Number of protein chains: 2
Amino acid sequence: MKDFPSPPPGMKANVLHPLCPSRQVLQHLTSRWGALILVALAGKTLRFSELRRALGDVSDRMLAQTLQGLEADGMVTRVAHDVVPPHVDYSLTEIGEEAAGLVQGLAAWVERRLPEILTGRVEPSQHC
Amino acid sequence: MKDFPSPPPGMKANVLHPLCPSRQVLQHLTSRWGALILVALAGKTLRFSELRRALGDVSDRMLAQTLQGLEADGMVTRVAHDVVPPHVDYSLTEIGEEAAGLVQGLAAWVERRLPEILTGRVEPSQHC
DNA sequence: GGAAGTACCTACATTTTGGTAAGTATCCAC
DNA sequence: GTGGATACTTACCAAAATGTAGGTACTTCC
């Protein structure tokens, strides 16, 4: 889950191939909560519970898990202040901010095109 | 699977929220085979079996299913020539080509940053 | 006649992903 | 001393995504 299985040696470097490490990073960035966390954290620092409130309906489990994944990918920085009650700050790294921008860009494009997509279906599966 | 559950009325239009239709489109575009199909089809027309060979290890089932999803989203056009043996051509629509470009862009960015991401982990979960 | 190619579909099994509920340790307010 | 807040973890489950194996209907090639 956190280690990247190296692709078979003979394989051509196809970024999108399921076995390619970059593919897994992509999955993390576009996963259900990964994307949300990225944009929630863009330009800000939030602590665990703030993030949970910002996202609305995440479970503790998924929030922690997704944050760990993004941290392992070098997208978020975790800083734990050793006090009680615990206080942990999450923020984006430089590449995390970049990733957030890209994900947000893709999402914005989808949103813009949504009318066409939903009504879309210009040619519904025709015979010649 | 093919219909978009409308988000609850009071919900703020968060593009990335799991319940938002745009989110589902995003999922289709970044799904395991969806992304691969988009780039394989970029600028080309391929038939079912050509696509399968191009992707290498897709199952018939997933290929057919993913293609149908993308067709429903207005990303790919399916043209069946009514001959025997069957011959079906798949190609991208205009927004399909756009989507392919964006997905490819994101993938390329991940690939460029991969060295940093993999070795990355600049600050591994520190205490203050 | 038998095998292979075409573009699928269906039922079933497995894998992955996500959710729920509970527990942990410590402190503060009541 | 009970309850809440904090940031998690673990065990267990449900749902979704994906894979496997087989079938279909028709043709051409050997």
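The following legends describe close-up views of a predicted model.

**View 1. Secondary structure of chain A.** Chain A comprises 5 helices and 4 strands. In sequence order these elements follow the pattern α-α-β-α-α-β-β-α-β.

View 2. Of the 128 residues in chain A, 43% are buried. The chain exposes about 6700 Å², of which carbon and sulfur atoms supply 56%. Among contacts in chain A with a separation of 6 or more, 44% join residues 24 or more positions apart.

**View 3. Residues surrounding DNA strand D.** DNA strand D is surrounded by 21 residues, and the closest are A:Ser49, A:Asp60, A:Arg78, A:Tyr90 and B:Arg61. Sugar or phosphate accounts for 67% of the atoms of DNA strand D within 4 Å of the protein, and bases account for the rest.

**View 4. Side chains at the phosphates of DNA strand D.** In chain A, a polar side-chain atom of A:Arg47 lies 2.9 Å from a phosphate oxygen of DNA strand D. From chain B, an N or O atom in the side chain of B:Trp33 is 2.9 Å from a phosphate oxygen of DNA strand D.

**View 5. Elements forming the surface near DNA strand D.** Two or more residues each come from α3 (48-55), α4 (60-72) and β3 (87-92) of chain A, and from α2 (32-41) and α4 (60-72) of chain B. The element that gives the most to this surface is α4(A), with 4 residues.

How values were computed. Residues numbered from 1 in each chain as written. Chains lettered and ligands numbered in written order. Predicted model: local features only at pLDDT ≥ 70, side-chain atom pairs only at ≥ 80, totals over all residues. Heavy atoms only, no water. Buried < 20%, exposed > 50% of the residue type's maximum accessible area, 1.4 Å probe, protein only. Contact = heavy atoms within 4.5 Å. Areas by Shrake-Rupley, 256 points an atom, 1.4 Å probe, with all protein chains shown as cover. Near = heavy atom within 4 Å. Polar contact = N/O pair within 3.5 Å; in protein donor to acceptor, adjacent residues only side chain to side chain.
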